[in-house]
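Please read this briefing alongside the sequence and the model.

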Amino acid sequence: MAGHGSTFVSRHFGKGAHPITVPKPLAYHKWGGKLLGASMWFFVFYRFKEDGAVLMGWRHPWEH
């Protein structure tokens with residue numbers, strides 16, 4: 001089974017030619033993706049800091 005992927009590509013698309021040209025992402029798309037990804041992880045870590053004991057089962061949600 002090894003080599004099926006490369007054989008398929010070379011048989012159907014020729015020698016390295018691919019019918020789709022993918023454009024490079026713009027700078028603000030890259031920075032926007034980093035910003036949104038970082039803010040997501042900050043939110044996840046903040047919520048884990050606040051509710052991690054309940055999530056891990058160390059404390060009940062109704063205990064204050």
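Does Arg47 count as buried, partly exposed or exposed? At 35% relative accessibility, Arg47 counts as partly exposed, where buried means under 20% relative accessible area, exposed means over 50%, and partly exposed lies in between (1.4 Å probe, protein chains only). This is a predicted model, in which local features need pLDDT of at least 70 and side-chain atom pairs count only at pLDDT 80 or more, while totals for chains, interfaces and linings use all residues. Residues are numbered from 1 along each chain as its sequence is written, and side-chain values use heavy atoms, with hydrogens and water left out.

**Overall make-up**
- The protein has two helices and zero strands, these being DSSP runs numbered from the N terminus (helices: H or I, at least four residues; strands: E, at least two).
- Of its 64 residues, 2% count as buried.
- The protein exposes about 6,400 Å², of which carbon and sulfur atoms supply 70%, with areas taken from the Shrake-Rupley method with a 1.4 Å probe and, for residues, only the protein chains shown counted as cover.

**Salt bridges**
- Two salt bridges are found in a search of the whole structure, each defined as a side-chain nitrogen of Lys or Arg within 4 Å of a carboxyl oxygen of Asp or Glu.
- Asp51 forms a salt bridge with Arg47, and their closest N and O atoms are 2.3 Å apart.
- Asp51 and Arg47 are separated by about one helical turn, because they are four residues apart in helix α2.
- Asp51 is partly exposed, at 32% relative accessibility.
- Glu50 and Lys49 also meet through their side chains in a salt bridge, at 3.7 Å from N to O; Glu50 is partly exposed at 37% relative accessibility, whereas Lys49 counts as exposed at 63%.

**Course of helix α2**
- Helix α2 bends by about 65 degrees at Glu50, the bend being the angle between axes fitted to the seven residues ending there and the seven starting there.
- Gly57 follows α2 and has a positive phi, near 85 degrees.

**Surface patch and ring contact**
- Met40, Trp41, Phe43, Val44, Phe45 and Tyr46 form a nonpolar surface patch with about 660 Å² of accessible area together.
- Patches are made of residues with over 30% relative accessible area and no salt bridge, like charges being joined within 9 Å and nonpolar side chains (Val, Leu, Ile, Met, Phe, Trp, Tyr) within 5 Å.
- Met40 is found in helix α2, which covers residues 27–56, and Met40 is partly exposed, with a relative accessible area of 42%.
- The charged end of Lys34 sits over the ring of Trp31, 5.4 Å from its centre, the rule being that NZ of Lys or CZ of Arg is within 6 Å of the ring centre and within 35 degrees of the ring normal.
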